[in-house]
Amino acid sequence: MGSREVSNADWQGKRVTVAGLGVSGIPAAKVLHGLGAVVTVVNDGDDERSRTQAAELEAQGIAVRLGDGATLPESTELVVTAPGWKPDKPLFAAAAEAGVPVWGDVELAWRLRGPDAAPWLAVTGTNGKTTTVRMLASILEAAGLRTAAVGNIGVSLLDAVVGDQEYDVLAVELSSYQLHWAPSLRAHSAAVLNLAPDHLDWHGSMAAYAADKGRVYEGNRVACVYNAADPATEDLVREADVEEGCRAIGFTLGTPGPSQLGVVDGILVDRAFVANRQKQAQELAEVEDVDPPAPHNIANALAAAALARAFGVEPAAVRDGLRAFRPDPHRIEHVADVAGVAYVDDSKATNTHAAEASLAAYDPIVWIAGGLAKGATFDELVTAAAGRLRGAVLIGRDRELIREALARHAPEVPVVDLDRTDTGAMSEAVREAARLARPGDTVLMAPACASMDMFVNYNKRGEAFADAVRALAAESA
């Protein structure tokens with residue numbers, strides 16, 4: 001239901017410091033100012049963009065301090081931080097010393113919900129969050145529910161909570177950063193899709209990263225959805241303090257046991273939300289209803305279906321929602337077939353875990369990889385994929401790390417090492433991949449690395465790949 005009943009009374013005159021200008025900080029500052037709080041925004045940067053943003057806020061009566069993100073403004077009663085700010089920043093130490101609470105934008109949104117607020121179905125995990133949340137929103141829409149995909153995608157979470165649009169339920173994507181700063185969050189149901197090392201420079205350790213992901217289960221009312229193939233996600237369910245009656249629901253690419261969703265003979269089936277879990281299974285959809293039907297995307301669909309079923313959605317809506325769903329660009333996106341070879345863009349595979357899932361979906365593969373490794377190692381990834389590789393084309397600053405892993409674990413695989421990091425390297429990479437590929441192969445760009453050594457972001461990297469493939473197709477026509 002709607003959440004327009006938010007009261008200004010608790011915020012009138014409250015002195016709030018918002019840490020960081022950006023996609024979460026600016027909306028938070030505006031919402032709090034609108035509720036009557038006395039808002040000061042602090043920001044580390046003092047560049048031209050920051051000054052433009054500051055001028056806009058100051059025109060509305062919001063104070064901004066640029067180039068001074070370390071000092072806690074006097075009389076601060078609450079800090080609301082952008083999720084990306086590391087917990088070890090001096091500002092937070094000063095807040096702790098002064099007894100001032102620190103919230104993230106998700107915590108703020110949770111606290112601002114009205115008494116009839118829409119329940120949250122929450123999704124986190126190292127990879128697949130956005131796709132799963134968008135699948136979930138598509139299923140909920142197919143069920144006739146007023147919903148939105150929110151969090152890191154779609155509608156701003158704060159706008160969804162305090163805006164005029166009324167919702168029956170929200171599909172919420174949450175990062176480990178956001179969960180770290182959201183101690184009060186209590187979802188209707190939640191899923192952790194998978195756990196793999198990522199953002200360890202921010203969290204400090206894998207244990208701390210996992211613990212922050214596990215916060216999504218705290219206080220769940222109906223279902224904690226976990227990945228049966230990833231025992232760490234089930235461990236987080238066991239450790240969570242949930243409401244009485246909340247169930248652990250697994251998803252698997254194999255035949256499901258009781259209280260699981262899984263796959264039988266190309267059919268997605270439910271043995272969790274049925275009258276007799278021991279003897280009964282409910283057909284939900286066909287594997288071919290999922291776009292694309294790659295194994296890790298089937299897992300995403302099962303997680304989305306589990307959350308929807310936990311909310312009471314009928315099986316037909318699961319099928320219709322999955323059929324209606326279209327993936328975002330650069331996520332296992334088929335670009336073209338050229339001379340009998342498929343070219344697939346998975347530029348969003350910015351870490352080894354995502355690349356491993358992508359590589360598992362095709363055989364044989366000419367792999368385009370490389371970029372910024374972010375401290376990752378590639379031995380496990382290469383070992384898992386070695387048998388599928390026809391060849392590899394390496395680009396980007398840290399490509400040597402992948403080349404060395406290939407030499408150790410797949411020495412027979414031919415490797416082209418492109419010693420250039422200009423944006424034109426992608427065109428050469430595609431041509432080299434085409435030279436290595438044979439009809440029936442897939443040229444897969446799943447870089448396993450970040451893009452910023454060569455491109456503004458992974459979207460631009462994917463666009464460069466697609467442009468190079470289309471140019472190749474035009475020459476071959």
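Why is helix α5 largely enclosed by the rest of the structure? In this predicted model, local features need pLDDT of at least 70 and side-chain atom pairs count only at pLDDT 80 or more, whereas totals for chains, interfaces and linings use all residues. Residues are numbered from 1 along each chain as its sequence is written, and side-chain values use heavy atoms, with hydrogens and water left out.

Helix α5 is largely enclosed because 11 of its 14 residues are buried, where buried means under 20% relative accessible area, exposed over 50% and partly exposed in between (1.4 Å probe, protein chains only). Helices (H or I, at least four residues) and strands (E, at least two) are DSSP runs numbered from the N terminus. The buried residues of α5 include V133, M135, L136, I139 and L140, and the buried set packs against elements among which are β6 (120-124), α9 (206-214) and α11 (295-310), contact being heavy atoms within 4.5 Å. Just after α5, G144 adopts a positive phi of about 85°.

The structure holds 24 salt bridges, each defined as a side-chain nitrogen of Lys or Arg within 4 Å of a carboxyl oxygen of Asp or Glu. One of them joins R146 and E166 (3.5 Å, N to O), linking the loop between α5 and β7 to the loop between α6 (157-162) and β8, 20 residues apart. R146 is partly exposed at 34% relative accessibility, and E166 is partly exposed at 26%. In a further salt bridge, the closest N and O atoms of R323 and D289 are 2.9 Å apart; R323 lies in helix α12 and D289 in the loop between β14 (282-286) and α11, so the pair ties together parts 34 residues apart in sequence.
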